[in-house]
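Hello,

Here is the structure I promised to pass on to you. Please open it alongside this note, and I will walk you through what turned up.

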Amino acid sequence: MKTLVIAEKPDMGRNIAAAIEPKAKNQRTHIEGEKYIITWAIGHLIGLAEPDAYDEKYKKWNFNDLPIIPERFKLVPNPKTKDQLKVIAELAKRSGLLINACDAGREGQHIFSLIQRHLKLSHPVKRLWISDLTPETIRRGFVELREGVEFEPLTRAARARSEADWLIGMNGSRAFTTKHRELLSVGRVQTPVLALLYDRQKEIEAFTSSKYYEVEAWFTQGETKYRGLWQGDKLTDGEKAAALAAKVKGKTGRIESYDVKDTKEYPFKLYDLTLLQREANAKFGFSAKKTLDLAQALYERHKAISYPRTNSNYVTEQNIPEMHRALDQLGKTSYAPLVQQADKKLVHKNNKAVCNPARVEDHHAILPTHKMPSGLPPDEQKLYDLIVRRFLSHFYPAAMYKLHTIVTVSEGERFKSTVKQLLSLGWKVIYADQKKEKEKPSRGKGKADREQEEDAVAEEETDAPFMLDAAQAVLCKDSAAKEKETQPPKAYTEGTLLKAMESAGKQIEDEELRDAMKDSGLGTPATRASVIERLKQVGYVVMQGKRIAITPKGRTAVELIRGAGVELLTSPEMTGQWERRLNEIARGAASDETFMKNVERFAALIVEKVRGRSPRRSRRSKAMRLRTPRASGAKAARRPRPRRRAPPARPAPRGASAARAQPRPRASRLRRKPCAPRARGAHGPPWRRRRRSAGPAAGRRCAGGGAGRVPARGLPRQHHPRQARLRLQRVQNRLYLRDLEGQLRSFADGRRHRVSVETRAHRADEAGRRAGTAGRRAARAAGPEHGTA
């Protein structure tokens, strides 16, 4: 029987087929040769089922149905690619061995394991583990195939990560959405990232700019000129700064200290995916997703670079010969002038800036391969140029500088200067035809920035000879006081957000957690771009040029999550704990079952936190309950029934009035005969009816000559003054509820709509006036026995 090779994508499958079965026939869904059948997944062919696959009641989002914790997760095929899944199932029937040729990483392992579980494939499995798609690497990988059982811990880690994300996402999103009546997306990685954006925005809004002054002086000694910055407490008085500048201008000074030392600048690290995305965003404005797509095209379609979804900036000893070979091939391209000056001896196994096997996990740094592409689209060419130049820089020596540090005293005032004298460009010659690569300092004024500002030093770079005699005097040719303003922290761009995601562990105190975060941070290199795209899709952030701006919906989501007492969801600490445990599972040092039990408990905790406390609604809900006039069920049964007060005693009537006022036998309410239609004027609201007569004719209002007067104990129920008061209270409650619902809807949209007190008072007064008028008129209509004077 033949061997079935399952690649992750069609391009990868075709590259493998070209390397191991060059004469194989292309059958559109697979490629079949004499020994191998090569087919492919199209990304994720299978995913975890939605909650309604476990119970129909989950189709409707109901808070009382939470938490949703399946005993066993169900798998469902992707409807768009189910035909390809059927192809794999049919081909597996004709095969005796499976080769997992998906990406060499956790996600690639997960894609293959989902296919294997869903189709219930029991074939023996081998693993192809390679870092680029050149024919030589593929053929070498097939010679060195590894046993599939070696990757069982990695499979368990990938499965645990997927199911844990499902539990947190489904339960968290449904809990907050149903509680606050606004679609809120919650996730293990996206929520901490959103919190980073929220916190930065709050820092910007809370920032208060302040003016300060810097005093600069320009000194000369012979032909040498340099600039110094006044050293002292921060100047906030403009007049004092101007006086300092005038004090030293035109005066002589002496060099208090002069220090010179040689320094070197080595090339920047080789690219991993996150670093490549950051620089592409800074230089070309590419989004993280666009950079990833371009890199994937260079890897899969052109085979011009190694595997891009890597988190390593180093290579292993086995990669050194490949780097030398790639350098030779680049000498045949437009990079030939740069290759001619390169030195292969600088890239060797003892160069820890390049070769560090301990820092290489699944894949090494991104490198150009020995296959030279041609006719690349402009954007792909820009990205390829970044990778090639960074690669070439490591074949060049370090840039050499002399660092001159001078402290000059004039009129008792100190000025400090730093002059960076260039001796040799070294690797920087590669970027000589481009804009100078220089890291610009952030305008953010955190603690480090304030300390740097207080000890600010004037620094300038020059390639001209620089020499001073510390024993000779200097002359202050000019000076000036410059007014400046402190600047708020910069809003995140995709590049700076990626850096924050990668280094989020620096905010954590626990050393062990920080080590885990150094390697993974928030998300992984392969998923960080998708996390940012997800935040855009759900409406939490929008792009304003290069800046990422959080929307009112995004702010509301963070405030609701933190307000519910689930701060762990917005903290990188949770991601650090998860990533540390997942790494231990992948190494076989931890149990995935224990991990999942803890995740289930955390999902239930989220639901209970949201159920137990809802900020901005709990107090108003309580007020609403206090104003509600009626209760039902057990509460109504427990509530004591109010006692009816006896009417006040009235003077005894005299004469004809006494005869009319004699009490009549009162018929039972249950036996009372229905009244005949009332005369004209007796219909409509009480305040529009004619006043009833209290004379003898009143007894003829009911058919059959019965006791047709209003019952002695009071007015008909709908006209009783007490019922009018209850109607008034219900009207007020309805107005309150309508206002409250409007405010909650506005709050969920991020617009804190506040109905004015005057408007609510006006509505309540209007309702009270109408209901009160109805009660008074109904009382007057009852006559002197039941009305008020």
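Let me begin with Leu 569: leaving out neighbours within four places in sequence, it is in contact (heavy atoms within 4.5 Å) with Ile 168, Phe 176, Val 186, Thr 191, Pro 192, Ile 561, Met 574, Phe 602 and Ile 606. Leu 569 also belongs to the largest nonpolar core, which has 81 residues; together with Ile 115, Phe 176 and Phe 595, it touches the most other members. Such a core is a set of buried Ala, Val, Leu, Ile, Met, Phe, Trp, Tyr and Cys residues joined through side-chain atoms within 4.5 Å, where buried means under 20% relative accessible area with a 1.4 Å probe, protein chains only. Helix 5 (residues 152–180) gives the largest share of this core, 9 residues. Another core, of 64 residues, lies apart from it and includes Ala 17, Ile 38, Val 347 and Leu 383.

A word on the source: this is a predicted model, in which local features need pLDDT of at least 70 and side-chain atom pairs count only at pLDDT 80 or more, while totals for chains, interfaces and linings use all residues. Residues are numbered from 1 along each chain as its sequence is written, and side-chain values use heavy atoms, leaving out hydrogens and water.

Finally, look at Val 87 in helix 2 (residues 82–93); helices here are DSSP runs (H or I, at least four residues), numbered from the N terminus. Not counting residues up to four places away in sequence, Val 87 touches Thr 29, His 30 and Thr 39. Val 87 and Thr 39 are 48 residues apart in sequence and 8.5 Å apart in space, C-alpha to C-alpha.

Best wishes

Definitions and conventions:
Helix = DSSP H or I, 4+ residues; strand = E, 2+ residues; numbered from the N terminus. Buried < 20%, exposed > 50% of the residue type's maximum accessible area, 1.4 Å probe, protein only.
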